[in-house]
Amino acid sequence: MIDNIKNAMPQLFEYLPLHPEQASSVSLPVDILYFVWMALSLFFSLLIAAAAIFMMVHYRRRAPGQVGAPETHAPVVEALSITIPFAIAMAMFVWGAKLYVDLRRPPENAVEYFAFGKQWMWKFQHPNGLRQINHLTVPRDTPIRITMTSEDVIHSFFVPAFRVKQDVVPGRYTTVWFTATETGEYHLFCAEYCGTEHSLMKGTVTVLEREEYEAWLRRESDPATATPASTGEELFTSLACVTCHEESDTTRGPALHGLFGSEIRLASGATIEADESYLRQSILEPMADIRAGYQPLMPTFAGQVSEQQLADLVRYLKTLGAQRASVEHPRPENATPQHGSPDRVEETRSEPTRGRQAPAPAAGASGG
Amino acid sequence: MSTASRASSAMPPARRPAENYINRDWSLRSWLLTVDHKRIAILYLISVTVFFFIGGLFAMMIRLELLTPQGDLMTSDTYNRMFTQHGVVMIFFFLIPSIPAVFGNFVLPLMLGTIDVAFPRLNLASWYIYSIGGLFTLAAVLLGGIDTGWTFYSPLSTVFSNSNVFLAAIGVFINGFSSILTGLNFLVTIHRMRAPGLTWFRLPLFVWAMYATSLINVLGTPVVAITLLLVVLERVFGLGIFDPTLGGDPILFQHLFWFYSHPAVYIMILPSMGVISEVISAFSRRHVFGYRFIAFSSLGIAVLGFLVWAHHMFTTGMSVYAATVFSSLTMLIAVPTAVKVVNWIVTMYKGSVAIETPMLFAVGFIGLFTIGGLTGLMLATLGINPHLHDTYFVVAHFHFVMVGGAIMGFMAALHYWWPKISGHVYPGRWSKTSAVMIFAGFILTFFPQFILGYLGMPRRYHAYPEEFQALNVLSTAGASILGLGYLLPAIYLTWSLVDGKRAPANPWGAAGLEWQCPSPPPVHNFDHPPVVTDVYDYGDEHLLAALATRAAKGVSVG
């Protein structure tokens, strides 16, 4: 009998699952926290329901004129009703916050992808420049970091099997990272309501074994396709950025070599970390965070470059940034699969958002 | 002054039992130009009921569409309008005004032992402002609808939506003034118009809840009003405030919006909590337990409620440090809410508990609100928020708080004070059936949505993957029971006006000043300002004597 139930359980959960597939490195820790919370919630809900029913039955009115006992005070009850919820809430807060830090901080060796959301599709770009629409193919057991932006409204990148969700916001970069641990195909949803076909803005994330991924990538990629960084370099020339940004600082503009990942001082006196968002913003709104010692001469490129071109430029600038930084601070060995991509070297960055977290220790601290 | 003018107005027909606020004048004009807080409460009751059923109709359309995975009942654009209009109507035109404007208006002056609110004309003006705002929003619905989600997120709302954002935003903007003015009116009334002896710590807990709610209304509503005005300015004049292509910041909109809209959740739930404190005490015939703890927990919730808004934004890319601060502050709200729940339960301990309809709704509130509160803590937990955010888990959570909490409280209040308001008794069997149907239908509708959400079904989805269908079917089945449960009171309460027995002044045998004046109350409420000692005293000699007389006569409660 009990064996029958035991045998039926997996089948039952196949029909009525309580959690999505566990397909990333954070799936299990998230599930454990969730189910512990669920158990606590059920326990307290049932406790309160049982108490209420007991009171209603046991102290039910037995005669029409009956009244309850006179007012009482029980400081112990009040103290418990304050301390127990406080203790549980704070313990769960600490647990959740620790996990959140892990969810937000990508491993140093994460491979870098780009994603663009637009009504109502997802566009992805692999490190070697290969593009996919509404499909994302990634290797297993490899940390993936995706830098994302939107071309119109706010979207949100949500893969339930990976337990990750990150809003994709127009006008700025956000990042999400995950390490897929199981091969297979998983739902990709847009989780932020984005207009008419919101519910059709979905896709698939395919996780392949590394070797299969490499083979797939070779098959899909056209060797003649330029890499994002080389496209970015061409843009850098064609947009005449080189006129002011030379290999060393000039009066017109600072050199961009060694810039990425460094702490720079702004004209306002503040310091800021030169990350992807800073590069992006400086191209679109050069006056917003102007570097100390320079005149506000640079024109805006807003409206002249697409999000895709911006991403290419940023990737190119990152290769420049790595050139000097890698000389000053040798990077840890890269444990990720080799794609032969020129922007592999700098994938050692750990800070997802600009200037909001502790400075990256590996950053080339050349200053502004 | 207003007393004199009312006393001199039309006298009742000779054979009426007594003149009261209803029968003193039946003309439409006397209702639309009334400055009597009780009549204004009736005006609000009719308006919010209309909006409730309009919002409910949208909800039924949503649930019907979700019966099948394909979006086959209506187009995506129609579906998006359904959930947007459901949210806008229910939140801004039902939940926010419901208890304060209806029962706050009706019983607050009675509970304070006074003749009216501090500014009766302003009170009527508030209803007109609410109605004008409502008409704008209805116009937006009828002229093509709104499809931005009730949250009006930019730049979808300011640049990309082709629907009637302007009309709807203006409607909500106008409605905000009604909230602000009602809040102001109540604050002044509570400060200045308490009966002799009614000190702050003798105030009924419903009054404390109204006080806390009014504070949030006065302090928070201007922010959302300005935010929606900015949306309109950006949409109509192209001002770059939120649109990133014009140098604006879409995340700024979310900060401004939630700075009001999170406290607004407490605008909706605090009044219900006040009702529950009254109902639990009255039907247990026992002094409310931990009076000061409940009173201060209302204020605590009102204050903390202003400090947690960014917990709606953990996935926007906000800094980890900011997320930690907002998560921990949100967790603190567990304390005042748990204090309330424990004190309600202990109030029943050694009580004389009568299982009447309002009590059923109140106990239902405690159970459902507890689940809503605990799942709120789960959502505030940073590690699992990214997975749960914007899924059906969130939908289930806030419906447990808003429907299982706020509307259960509204139903409890409606059934508790109906004999006082209408002067009639409603049929107990039907009303208990309704309470049980609403409770069961609610659980069946929204519990599956917790599981759906964890499985990953995003909210606001017109079509969904097939594996989510079974739980959606359960949810829709529950919604039809829930819908019937809400239709019943509309029928039997209306019927009670026609054919229901006359209600005595104090049908429940409850303490509290509002039960000392006749049902329905006369225009001036009290002949003499009552002198107040303790409004929860069930050992009071007069009350005991009255209960004994009633028991001897075999009068049982409605």
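**Helix packing and chain contacts in the predicted model**

Helix α9(B) passes α13(B) in a left-handed crossing, a crossing being left-handed if the near helix is turned anticlockwise from the far one by less than a right angle, and right-handed if clockwise. The structure is a predicted model, in which local features need pLDDT of at least 70 and side-chain atom pairs count only at pLDDT 80 or more, while totals for chains, interfaces and linings use all residues. Residues are numbered from 1 along each chain as its sequence is written, and chains are lettered from A and ligands numbered from 1 in the order in which they are written.

The axes of α9 (residues 250-284) and α13 (residues 357-380) of chain B come within 9 Å and cross at roughly 125°. Helices (H or I, at least four residues) and strands (E, at least two) are DSSP runs, numbered from the N terminus; axes are lines fitted to C-alpha atoms, for helices over the stretch in contact, with angles from 0 to 180 degrees between N-to-C directions. The two helices α9(B) and α13(B) are therefore oblique to each other (under 35 degrees counts as roughly parallel, over 145 as roughly antiparallel, 65 to 115 as roughly perpendicular and the rest as oblique). On α9(B) the contact involves B:S272, B:I276, B:V279, B:I280 and B:F283, and on α13(B) B:P358, B:M359, B:A362, B:F365 and B:I366, where contact requires C-beta atoms, placed from the backbone, to lie within 7 Å. This contact of α9(B) with α13(B) has nine nonpolar residues, one polar and no charged; Ala, Val, Leu, Ile, Met, Phe, Trp, Tyr, Cys and Pro count as nonpolar, Asp, Glu, Lys and Arg as charged, and the others, Gly among them, as polar.

In chain B, the axes of α4 (residues 76-111) and α5 (residues 120-142) come within 12 Å and cross at roughly 165°. Helices α4(B) and α5(B) are therefore roughly antiparallel, and their crossing is left-handed. Helix α4(B) contributes B:Q85, B:V88, B:V89, B:F93, B:P97 and B:N105 to the contact, and α5(B) contributes B:N123, B:Y130, B:G134, B:T137 and B:V141.

Helix α17 (residues 469-499) of chain B has 31 residues and reaches 45 Å from its first C-alpha to its last, close to the 45 Å expected at 1.5 Å a residue; the expected span is 1.5 Å times one less than the number of residues. Its buried residues include B:L471, B:A479, B:L482 and B:L493 (buried, 20 or more other C-beta atoms within 10 Å of the residue's own; exposed, 12 or fewer; partly exposed, in between; C-beta atoms placed from the backbone). The buried residues of α17(B) pack against α3 (37-65), α15 (392-422) and α16 of chain B. In α3 of chain B lies B:L45, which counts as partly exposed because it has 18 C-beta neighbours inside 10 Å.

Between the chains, 80 residues of chain B are in contact with 77 residues of chain A. The side of chain B that touches chain A has 46 nonpolar, 27 polar and seven charged residues. In α2(A), A:S27, A:V30, A:L33, A:Y34, A:W37, A:I48, A:A52 and A:M55 are buried. These buried residues of α2(A) pack against α3 (75-104) of chain A together with α12 (334-348), α13, α14 (385-388) and α16 (428-455) of chain B.

Note on methods
Two residues are in contact if their C-beta atoms, placed from the backbone, lie within 7 Å.
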